[in-house]
Amino acid sequence: MSSTIFIQTPFQFKSLNKSLNTHFVPSFKLPVSLSFKPRTAAFSKRVHIRAGLIEPDGGKLVDLHVSEPERELKKREAASLPKVKLTPIDVQWVHVLSEGWASPLTGFMRESEFLQTLHFNSLRLDGGSFVNMSVPIILAIDDLQKASIGESDRVALLDSDDKLIAILTDIEIYKHPKEERIARTWGTTAPGLPYVEETITNAGNWLIGGDLEVIAPIKYNDGLDRFRLSPVELRKEFERRNADAVFAFQLRNPVHNGHALLMTDTHRRLLEMGYKNPVLLLHPLGGYTKADDVPLSWRMKQHEKVLEDGVLDPETTVVSIFPSPMHYAGPTEVQWHAKARINAGANFYIVGRDPAGMGHPVEKRDLYDADHGKKVLSMAPGLERLNILPFRVAAYDKTQGKMAFFDPSRAQDFLFISGTKMRTLAKNKENPPPGFMCPGGWEVLVEYYASLTPSDNDRIPQPVAA
């Protein structure tokens with residue numbers, strides 16, 4: 001028995017590369033009963049070893065920066081355009097788009113792209129192929145801003161200090177379906193979702209999409225810009241190191257020795273598969289994070305100590321900051337995290353328990369099933385080229401006095417130290433068991449919590465473009 005599926009996409013995706021226009025696709029037949037085989041690598045013989053870095057989505061990284069000779073001209077043009085003020089998180093998204101992390105997108109999403117992202121977690125390209133896109137990258141405006149734009153097809157985008165950040169061209173304004181967006185992205189409309197409260201609840205009722213012309217590279221002048229390598233810069237670094245495999249590890253927490261064990265074991269197993277020079281991309285998230293996460297500046301200090309103390313090998317590790325804001329949208333968001341690393345050159349992606357997840361904002365339970373993230377990644381449309389490496393569970397082995405892979409046959413010998421427990425120890429200036437985290441990294445964590453005042457626990461400083 002079969003079912004005929006007719007697919008029509010009569011839109012032009014103008015925020016994609018101009019050559020990537022949508023088209024009508026002839027009908028085709030699929031069996032009603034479909035089965036999907038997860039494509040987790042599991043270090044199997046099916047993983048093909050190829051020279052060179054993985055191609056970016058769409059075949060080419062987009063670069064949305066205005067060339068230096070054109071900047072003054074663009075600034076003069078912007079002076080006469082309607083103005084839209086950006087929030088710090090909006091600027092972070094401009095940063096993401098401008099460097100090609102979301103390739104082949106060339107700007108804030110128009111309605112066709114927004115709907116595809118919400119409902120399909122992917123975008124259709126010319127020729128009928130798909131790229132993954134699970135998180136809407138959109139810009140909200142209110143009624144007054146919409147009225148001020150009028151019939152203009154371009155707007156100037158300014159930061160909170162009225163500095164020109166970009167020009168948005170060939171614009172499209174459409175309604176902002178907040179409830180639908182929240183329900184589709186997070187799987188719940190429960191109150192208390194951090195990103196929702198920060199960016200959506202009080203946002204405007206309209207969305208504006210278009211192509212970006214970014215006046216100059218986004219800089220934060222916080223002492224960390226040297227770590228903010230673009231996909232182009234990362235690819236050049238991997239090529240300089242003659243990497244024949246790149247495995248990415250995203251984190252928004254301090255690195256403990258369980259993380260390090262996983263990363264070093266992955267390196268070892270890639271060598272056993274036949275790769276000659278696998279390189280780790282240690283890629284902490286650098287955009288918006290919720291109030292109780294350790295701030296980026298302190299996390300970077302801690303990561304540097306991990307390298308200094310020899311827990312990870314600097315010769316085979318690239319530490320860089322991923323500029324994206326954090327949604328805490330679980331299996332939906334982890335697809336975005338993986339897709340962006342393809343554009344940076346990674347062909348392996350390490351995924352752990354409950355990636356991009358959080359506790360339920362109302363009930364005393366996790367918001368997402370802990371295993372759904374890795375399962376979704378193994379089946380997600382547009383991520384077929386990426387090898388997914390599921391976490392092996394690591395815990396503190398009391399018999400060895402160090403972090404080790406959990407052995408269920410002697411479960412009584414292992415101690416699981418949760419993030420909550422780790423934070424409590426650091427706040428109380430107590431040491432964890434020897435071998436849980438390198439001493440230098442633990443000292444940074446203790447220093448961070450000692451620096452807090454009661455009011456600091458309500459909100460952490462966020463990266464703000466200078």
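Trainee: Is strand β11 buried or exposed?
Mentor: All 7 of the 7 residues of β11, residues 278-284, are buried, so the strand is largely enclosed by the rest of the structure. Buried means under 20% relative accessible area, exposed over 50% and partly exposed in between, with a 1.4 Å probe and protein chains only; helices (H or I, at least four residues) and strands (E, at least two) are DSSP runs, numbered from the N terminus. This is a predicted model, in which local features need pLDDT of at least 70 and side-chain atom pairs count only at pLDDT 80 or more, while totals for chains, interfaces and linings use all residues. Residues are numbered from 1 along each chain as its sequence is written, and side-chain values use heavy atoms, with hydrogens and water left out.

Trainee: Which residues sit on each face of β11?
Mentor: P278, L280, L282 and P284 lie on one side, V279, L281 and H283 lie on the other, and all are buried.

Trainee: What does β11 pair with, then?
Mentor: β11 pairs with strand β10 (residues 245-251) in the parallel sense over 7 bridges, where two strands count as paired if DSSP finds at least two bridges between them. A245 has P278 as its bridge partner, and Q250 stands opposite H283. β11 is also joined by 3 bridges to strand β12 (residues 317-319), again running parallel, with L281 opposite V318.

Trainee: And the whole sheet, in what order do the strands come?
Mentor: The sheet is open, its 5 strands are ordered β12-β11-β10-β13-β14, and the pairing is parallel. β12 and β14 (387-390) are at the edges with a single partner strand each, so one side of each has no neighbour in the sheet.

Trainee: Switching to helix α7, which of its residues are buried?
Mentor: In α7 (residues 231-240) the buried ones are P231, L234, R235, E237 and F238. They cover an arc of only 160° around the axis, which puts them on the same side of α7; the arc is that of the directions from the helix axis to the C-beta atoms.

Trainee: What is on the face turned away from that buried side?
Mentor: That face carries the exposed residues K236, E239 and R240.

Trainee: And what covers the buried residues of α7?
Mentor: The cover includes β10, β11, β12 and α10 (330-343), contact meaning heavy atoms within 4.5 Å.
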